[in-house]
Amino acid sequence: MNRRKVLKGLTAATAGSLGLAFGSGAFTTTEAERDFSVGLADSDAGSQLVIEENDDFSSSAVTTTDDGAFEIDASGVTPGATTTFGRFGTISDPTTLTEGVFVVRNENETGTDIDITVEITLQNSPNSDISLALLAPDDETVTDDEGDTVSGTVESVPSAVGSDTSDADAEVEVGFILDTDIADEQLNADLTVTGERSGAE
């Protein structure tokens, strides 16, 4: 089975939104709009940002379904506990990310460097916090921690297309830490991935 599937009908996208539905135990891609197209495939020539499972990090929480939906299964999240999505050196410290749970890769056909921004916003979960960690191609970690909305940007990510740049050197690894509170009956979140040409005003 091809684990990488294409998001259909996405044109002109700088911002691709992914929905997290922790209450149902999964999140699935939902939309993208503006300059870049966003895909879950290496076979989609039109995708400029590719979102896929991290081949270097094996996790039963990350899957691509038969119908092509990319999902993170959050059914293992225990209320009142800390759960990591990715490999961290210290469970409560996002700066210790060593392997992300998924990757975002620049496959911009022009070879242009882009800035990749990831944002997660918890919805209807006033007692829970999320911490975000992004691992840049140069192994620098960008973090934002413990809030309802967290975001981070890795600047000048090179394109893997039309150059000597490897896929790994064109990827941002994404991990996050979820601190849930027993008072929150359901966790919902929005995940937005944005790509913008580096240096653009």
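Is Arg 87 buried, exposed or partly exposed, and what is its relative accessible area? I looked this up in a predicted model. Arg 87 is partly exposed, at a relative accessible area of 41%.

**Entry 1: the partner of Arg 87.** I checked what Arg 87 pairs with. Arg 87 forms a salt bridge with Glu 99, and their closest N and O atoms are 2.0 Å apart. I then placed both ends. Arg 87 is in strand β7 (residues 82-88) and Glu 99 is in strand β8 (residues 97-100), so the bridge ties together parts 12 residues apart in sequence. Glu 99 has 18% relative accessibility, so I log Glu 99 as buried; the cut-off for buried is under 20%.

**Entry 2: Arg 105 and Glu 52.** I moved on to Arg 105. Glu 52 makes a salt bridge with Arg 105, with 2.8 Å between the closest N and O atoms. This pair links distant parts of the chain: Glu 52 sits in strand β4 (residues 49-53) and Arg 105 in strand β9 (residues 102-106), 53 residues apart. I find both Glu 52 and Arg 105 buried.

**Entry 3: Arg 105 and Glu 171.** Glu 171 also forms a salt bridge with Arg 105, the closest N and O atoms being 2.7 Å apart. Glu 171 lies in strand β14 (residues 171-179) and Arg 105 in strand β9, so this pair ties together parts 66 residues apart in sequence. Glu 171 is buried, as is Arg 105.

**Entry 4: the network.** Which residues do salt bridges with shared partners join into one network? I list Glu 52, Arg 105, Glu 107, Asp 167 and Glu 171. For the total, I note five salt bridges.

Note on methods:
Residues are numbered from 1 along each chain as its sequence is written. This is a predicted model: local features need pLDDT of at least 70, side-chain atom pairs count only at pLDDT 80 or more; totals for chains, interfaces and linings use all residues. Side-chain values use heavy atoms; hydrogens and water are left out. A salt bridge is a side-chain nitrogen of Lys or Arg within 4 Å of a carboxyl oxygen of Asp or Glu. Helices (H or I, at least four residues) and strands (E, at least two) are DSSP runs, numbered from the N terminus. Buried means under 20% relative accessible area, exposed over 50%, partly exposed in between (1.4 Å probe, protein chains only).
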